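Let's take a friendly walk through this model together. Keep the sequence and the 3D view side by side as you read.

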Amino acid sequence: MSNAAPIKAENLSKHYGDVKALQRLDLTLETGEIFGFLGPNGAGKTTMIRTILDEIRPTEGRSSILGFDSRADSVEIRRHIGYLPSGTVLYPNLTGRDTLTYFANLRGGVDWSYVGELAERLNADLTKKIGNLSSGNRQKVGLIQAFMNRPELLIMDEPSAGLDPLMQSEFHAILQELAAEGRTVFLSSHTLSEVQLVADRVGIIRHGRLVALESLAEMRSKAMRKIDVQFDGPARESGLAGVAGIRDIKVDRDRATLSFDGRMADLLKTLAEGNNVLDIRTREADLDEIFLTYYRDDETDRTEAS
Ligand code: ATP
């Protein structure tokens, strides 16, 4: 595996007339991570991918993949990556197997036993013509195409489009195995639920700008938790008012429910001081809320951007 950054974008911008599809984007991926590139439709995800793969030219800035310059070394780059474009267009008259043979030939051959293994895991029928497959089954052929040369870096634009939940989880399992082998995955998605399941780190893009970049664990630690506390007698909430991060506290005799985004240690200490705590339940962090805060106020952002 290469020691160079799997993807490095520096000050990358792409404008289509007045539309600023990418705005001064800086991003460096780490080897072996699954990176979720998250943003709503039109945020600039596809533009970013097509720019770093030299399918379109940046207005400003530069990028490299595995140490190769996106523009000067675009042919070399293709040898090292697997790429699933958004809404993959495949030839309707070719079968899945013919399609994969075509891509295999472009790459100078592949390990067909690995292709067979992938087809089995994804339950892909390679004998049917692409034109006769459902969109989800077509997507499976696209996925196998991206995986089949065991690339150092996978770039996938909305990969689970059309896959049923069972296949999505098999697909995620494959991604995790590849990452465990030191391969890197760049996964573009507009659905938080998918990124949340599989990514180590998340970048949120909005109107062409990277508005957040952090690990999923960091994001989780910031998210609002819902907490239920059971006491062995009437609750005393006197000290709780002083704990930073408590919202919507409700006390009903020996139970308290609250929303909390502060330091858990502070909360536990204060709860234990005045009360005998029998049980605490915390519910899954509400990441949706965090993402919504980045996606809200679209109008404000447009004014800023212009
Ligand atoms: P989606 O998930 O819908 O594909 P995306 O995040 O990939 O969304 P892009 O396709 O990168 O978003 O589009 C970013 C912005 O650039 C959008 O406003 C889009 O309309 C605009 N855009 C993309 N391609 C072109 C083009 N060839 N000409 C003009 N504008 C374009």
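Among contacts in the protein between residues at least 6 apart in sequence, 68% join residues at least 24 apart; contact here means heavy atoms within 4.5 Å. Before going on, please note that this is a predicted model, in which local features need pLDDT of at least 70, side-chain atom pairs count only at pLDDT 80 or more, and totals for chains, interfaces and linings use all residues. Residues are numbered from 1 along each chain as its sequence is written, and side-chain values use heavy atoms, with hydrogens and water left out.

Now for the overall layout. The secondary structure comes to 11 helices and 14 strands, where helices (H or I, at least four residues) and strands (E, at least two) are DSSP runs numbered from the N terminus. The C-alpha trace spans about 75 × 45 × 35 Å along its principal axes. An automatic or database domain assignment supplies the domain bounds: domain 1 covers 7–220 and domain 2 covers 224–284. Between the C-alpha centres of domain 1 and domain 2 there are 43 Å.

The protein has 306 residues, and 45% of them count as buried. Buried means under 20% relative accessible area, exposed means over 50%, and partly exposed lies in between (1.4 Å probe, protein chains only). In total the protein exposes about 15200 Å², of which carbon and sulfur atoms supply 48%; such areas come from the Shrake-Rupley method with a 1.4 Å probe, and for residues only the protein chains shown count as cover.

Next, turn to the ligand. Which residues surround the ligand? They are Y16, V19, A21, P40, N41, G42, A43, G44, K45, T46, T47 and E158, each with a heavy atom within 4 Å of the molecule. By class, this shell has five nonpolar, five polar and two charged residues. Ala, Val, Leu, Ile, Met, Phe, Trp, Tyr, Cys and Pro count as nonpolar, Asp, Glu, Lys and Arg as charged, and the others, Gly among them, as polar.

T47 places a polar side-chain atom 2.5 Å from a ligand oxygen atom, and N41 has a polar side-chain atom 3.1 Å from an oxygen atom of the ligand. From G44, a polar backbone atom lies 2.9 Å from a ligand oxygen atom. On its own the ligand has 630 Å² of accessible area, and the protein covers 58% of it. The elements that give two or more residues to the shell are β2 (19–28) and α1 (45–52), and α1 gives the most, with three residues.

Leaving aside neighbours within four places in sequence, T184 is in contact with residues including P6, L29, T31, E152 and L154. In helix α4 (residues 112–121) you will find G116, which is partly exposed with a relative accessible area of 31%. G116 and R97 are 19 residues apart in sequence and 9.9 Å apart in space, C-alpha to C-alpha.

Finally, consider backbone angles. Most residues other than glycine have a negative phi. N123, not a glycine, has a positive phi of about 55 degrees; N123 lies in the loop between α4 and α5 (135–147) and counts as exposed at 54% relative accessibility. R253, also not a glycine, has a positive phi of about 50 degrees. The loop between β12 (246–252) and β13 (255–260) holds R253, which counts as exposed because its relative accessibility is 66%.

Note on methods: Polar contact = N/O pair within 3.5 Å; in protein donor to acceptor, adjacent residues only side chain to side chain.
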